[in-house]
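Student: I have a model open and would like to learn how to read it. Could you walk me through it, one feature at a time?

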Amino acid sequence: MKTMIDLNDEALALAAKELGTTTKKDTVNAALEFVAQRRRRIEQVLDDPYGFGVGPDIGDPEVMRKARR
């Protein structure tokens, strides 16, 4: 879909350099995809009880009581 937007030229140039893109369209699409993939990875970690290395036991008061010893 075509959308007219004002872009920050300095930020666009830095993003293109970082992403290795050469056109505004490619830079914007690559940046959007980068952010979307990052969000997906964050959600996967947040949805995984082992994502932070703690597991579901962290919610069990008896397990945690013993762990504090």
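Student: How do the residues of the lining of the largest pocket divide into nonpolar, polar and charged?

Tutor: Keep in mind that this is a predicted model. The lining divides into 4 nonpolar, 2 polar and 2 charged residues. You can find them on screen as T3, I5, L7, K24, K25, V28, N29 and L32.

Student: How much space lies in that pocket?

Tutor: Here is the general idea: empty space shows up when a probe the size of a water molecule is rolled over the atoms. In this model, the largest pocket holds about 220 Å³.

Student: Let's turn to T27. Where is its place, and is T27 buried or exposed?

Tutor: T27 sits in helix α2, which covers residues 24-47. Relative accessibility is the value to read here: T27 has 2%, and buried means under 20%, so T27 counts as buried.

Student: Which residues does T27 touch, leaving aside those up to four places away in sequence?

Tutor: The residues it touches are L12, A15, A16, L19 and T21.

Student: How should I think about residue spacing on a helix?

Tutor: An α-helix has 3.6 residues a turn, so residues three or four places apart point the same way.

Student: Where is D60 found, and how far is its C-alpha atom from that of K2?

Tutor: D60 is in the loop between α2 and α3, the latter being residues 61-67. Its relative accessible area is 33%, so D60 is partly exposed. Between the C-alpha atoms of D60 and K2 there are 52 Å, and the two are 58 residues apart along the chain.

Student: How many helices and strands are there in the protein, and what is its radius of gyration?

Tutor: There are 3 helices and 0 strands, in the order α-α-α along the sequence. The radius of gyration is 21 Å, whereas a compact globule of 69 residues would have one near 11 Å. The C-alpha atoms fill a box of roughly 60 × 25 × 20 Å along the principal axes. Buried residues make up 7% of the 69 residues, and T27 is one of the residues that count as buried.

Conventions
Residues numbered from 1 in each chain as written. Predicted model: local features only at pLDDT ≥ 70, side-chain atom pairs only at ≥ 80, totals over all residues. Heavy atoms only, no water. Helix = DSSP H or I, 4+ residues; strand = E, 2+ residues; numbered from the N terminus. Buried < 20%, exposed > 50% of the residue type's maximum accessible area, 1.4 Å probe, protein only. Contact = heavy atoms within 4.5 Å. 1 Å grid on protein atoms, 1.4 Å probe; cavity = no way out; pocket = protein on both sides within 12 Å on 5 of 7 lines; lining within 4 Å. Points joined across faces, edges and corners; volume = space filled by probe spheres on them. Nonpolar A, V, L, I, M, F, W, Y, C, P; charged D, E, K, R; others polar. Rg over C-alpha atoms; globule rule 2.2 N^0.38 Å.
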